[in-house]
Amino acid sequence: MIAENLREVRQEIQESCALVGRDEKSVRLVAVTKTVSSQVMRQLVDLDVFDLAENRADVFLEKKQELADINTIRWHFIGNLQRRKVKLIINKIDYFHALDNLSLAAEIQKRADHVLKCFVEVNISGEASKHGVTPTELSEFIAALSAYDKIQVVGLMTMAPFGAKVEEQRAIFGKLRQLQQEIEATNLVYAPCHELSMGMSNDFPAAIYEGATFIRVGTSLVKDA
Ligand SMILES: *Cc1c(COP(=O)(O)O)cnc(C)c1O
């Protein structure tokens, strides 16, 4: 049941925050709804979860349409986005979590009618299957984004490998935080980079420990829905 799942997730957020003395309000719960219907998304909104995330352009558009009567939703796009799909969704989302190449940035620049809040995705683990710029490429990538005034780099995003042990999760999230702080310290107007989008159902406590401000939780919230 969604309400019960949500209660448990909130409880775990609270406990993780307490462990490191963080205010639980500093962690935004983004519900990943890619596996469920708009019906279930409606239940989440009724439970005051207003940040919803999808990872496929066509599915997102369909659900956004089905939920058009609700104006409190903040839409997050967390998937790899093909260039040709940019124009379909870019003006319908509030956050984009997977910016990792300049041709995508150029397409966003061309199609966006407002400044879009973006997370730069970083591949910390080095897994070939993962998207994202490498830590070595990151500062040059951020510098190059200055050419695109429709893009605001609000933070960095990463994913830990599936099945990683807690120590490994911590190391990866800690590394992302270190990179985020380095960029933040350069005080770029177009890249304030205050936020960290990291942590999913299996690893969000470790992510919160390392400073996550946006956690993207799917399975734990929507199981048995
Ligand atoms: C699916 C997905 C999530 C949520 O994963 P769960 O393990 O279901 O919590 C988070 N982030 C991204 C990028 C995803 O694709």
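I took contact as heavy atoms within 4.5 Å, and helices (H or I, at least four residues) and strands (E, at least two) as DSSP runs numbered from the N terminus.

I noted that this is a predicted model, in which local features need pLDDT of at least 70 and side-chain atom pairs count only at pLDDT 80 or more, while totals for chains, interfaces and linings use all residues. Residues are numbered from 1 along each chain as its sequence is written, and side-chain values use heavy atoms, with hydrogens and water left out.

In α2 (residues 38-46) I found Ser38, Val40, Met41, Leu44 and Val45 buried. Seen down the axis of α2, these buried residues fall within an arc of 150° (taken from the directions from the helix axis to the C-beta atoms), so they line one face of the helix. On the other side of α2, I list Gln39 and Asp46 as exposed, and just after the helix Asp48 takes a positive phi of about 70°.

I then turned to α3, where Ala57, Phe60 and Lys63 are buried. Viewed down the axis of α3, its buried residues fall within an arc of 130°, so they too line one face of the helix. Glu62 and Gln65 are exposed on the other side of α3, whereas its buried residues pack against α2, β2, β3 and α4 (86-89).

How values were computed
Buried < 20%, exposed > 50% of the residue type's maximum accessible area, 1.4 Å probe, protein only.
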